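The sequence and the structure are shown first.

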Amino acid sequence: MGTLILVRHGQSQWNLENRFTGWTDVSLTPAGRADAVLTGKSLRDYRFDIAFTSALKRAHETLDALLEGHGQTGLLRIEDKALNERHYGDLQGLNKAETIQKFGEEQVKLWRRSFSTRPPNGESIEDCVARVMPYFNDKILPELVAGKTVLVVAHGNSLRPIFRDLDHLSDDVTATLEVPLVVPTVYTFDGTKPIKKEIITVEGMVVKDTSKITK
């Protein structure tokens with residue numbers, strides 16, 4: 001049996017500032033790092049065999065803090081930009097509330113939560129599926145088939161494609177799925193198929209809301 005543990009990164013500085021982040025390389029806030037430590041403590045019943053992350057430092061910092069809380073050292077870590085957050089193009093760095101004031105609520109909602117609509121010069125969620133799932137199938141799934149415990153620390157829009165595949169979600173549900181910060185989802189695999197899913201409760205987390213938009 002293989003075990004897959006999916007974790008979104010902790011709160012970044014631009015999460016706190018309500019900005020579109022995308023591929024901008026932003027660090028965690030102190031609260032985001034503290035929450036990741038707690039996440040690691042919540043996973044002490046597991047011994048990881050390998051970890052995969054994106055090429056962005058907020059994922060790396062989350063993994064570092066998670067392992068600090070967990071207590072495991074010497075873990076094999078593989079990073080790849082295939083697991084990067086969705087590229088938000090011209091929206092990167094813009095405040096979400098100010099973007100609504102400029103372009104209108106419906107347009108911003110379409111850019112953020114439709115499956116196939118791209119923001120200007122950016123990626124759609126469909127584009128994320130097209131780059132994440134080949135990597136998952138080629139690099140991560142074989143580790144699960146081999147019976148390993150695999151930790152993936154990535155981003156909301158690079159985890160959505162994996163949830164879509166494992167939970168058989170529609171495109172619309174995938175696009176609107178909320179992926180909370182540093183809350184682990186654990187899948188047990190029998191060969192290539194998930195047979196059990198569990199969401200781990202992390203006690204004492206500071207950050208509760210991740211996608212705030214204030215009009």
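## The sheet

The chain forms an open sheet of 6 strands, arranged in the order β3-β2-β4-β1-β5-β6 with mixed pairing. The edge positions are taken by β3 (77-79) and β6 (193-199); each has a single partner strand, so one side of each is left without a neighbour in the sheet. From one strand to the next, the twist averages 20°. The model is a predicted one.

## Strand pairing

Strand β1 pairs with β4 and with β5. With strand β4 (residues 149-154), the pairing is in the parallel sense and extends over 6 bridges. Within this pair, Arg8 stands opposite Ala154 of β4. With strand β5 (residues 185-190), β1 runs antiparallel, and 5 bridges join the two. Here Thr3 has Thr188 of β5 as its bridge partner.

Strand β4 is also joined to strand β2 (residues 50-53), by 4 bridges, and these two strands run parallel. Opposite Ile50 in this pair stands Val150 of β4.

## Burial of strand β1

How many residues of strand β1 (residues 2-8) are buried? The count is 7 of the 7, so the strand is largely enclosed by the rest of the structure. The burial applies to both directions in which its residues point: Gly2, Leu4, Leu6 and Arg8 point one way from β1, Thr3, Ile5 and Val7 point the other way, and all are buried.

## Packing of helices α2 and α3

Two packed helices are described by the angle between their axes and the distance between the axes. For helix α2 (residues 30-42) and helix α3 (residues 57-70), the angle is about 45° and the axes are 6 Å apart. This angle makes α2 oblique to α3. The crossing of the two helices is right-handed.

On the α2 side, the contact is made by Arg33, Ala36, Val37, Thr39, Gly40 and Lys41, and on the α3 side by Thr62, Ala65, Leu66, Glu68, Gly69 and His70. By class, the residues of this contact divide into 4 nonpolar, 5 polar and 3 charged.

## Packing of helices α4 and α5

Helix α4 (residues 96-103) packs against α5 at an angle of about 125°, with the axes of the two helices 7 Å apart. At this angle, α4 is oblique to α5.

In the contact, α4 contributes Lys96, Thr99, Ile100 and Phe103, which meet Glu105, Gln107, Val108, Trp111 and Arg112 of α5. The residues of this contact comprise 4 nonpolar, 2 polar and 3 charged.

## Buried loop residues

His155 is located in the loop between β4 and α7 (156-167). Is this residue, His155, buried or exposed? Its relative accessibility is 0%, and His155 therefore counts as buried. When residues up to four places away in sequence are not counted, His155 touches Arg8, His9, Ser54, Leu56, Arg58, Ala59, Leu83, Asn84 and Glu85.

Asn18 lies in the loop between α1 (13-16) and α2. With a relative accessibility of 8%, Asn18 also counts as buried. The C-alpha atoms of Asn18 and Leu66 are separated by 24 Å, the two residues being 48 residues apart along the chain. Leu66 is one of the α3 residues that make the contact with α2.

Most residues other than glycine have a negative phi. Against that background, Asn121 has a phi near 60°, a positive value in a residue other than glycine. Asn121 is placed in the loop between α5 (105-113) and α6 (125-145). Its relative accessibility is 65%, so Asn121 counts as exposed.

His168 likewise has a positive phi, near 55°, and is a residue other than glycine. The loop that holds His168 lies between α7 and α8 (171-176). At a relative accessibility of 70%, His168 counts as exposed.

Notes. Residues are numbered from 1 along each chain as its sequence is written. This is a predicted model: local features need pLDDT of at least 70, side-chain atom pairs count only at pLDDT 80 or more; totals for chains, interfaces and linings use all residues. Side-chain values use heavy atoms; hydrogens and water are left out. Buried means under 20% relative accessible area, exposed over 50%, partly exposed in between (1.4 Å probe, protein chains only). Two strands pair if DSSP finds at least two bridges between them. Axes are lines fitted to C-alpha atoms, for helices over the stretch in contact, and angles run from 0 to 180 degrees between N-to-C directions. Angles under 35 degrees count as roughly parallel, over 145 as roughly antiparallel, 65 to 115 as roughly perpendicular and the rest as oblique. A crossing is left-handed if the near helix is turned anticlockwise from the far one by less than a right angle, and right-handed if clockwise. Contact means heavy atoms within 4.5 Å. Ala, Val, Leu, Ile, Met, Phe, Trp, Tyr, Cys and Pro count as nonpolar, Asp, Glu, Lys and Arg as charged, and the others, Gly among them, as polar.
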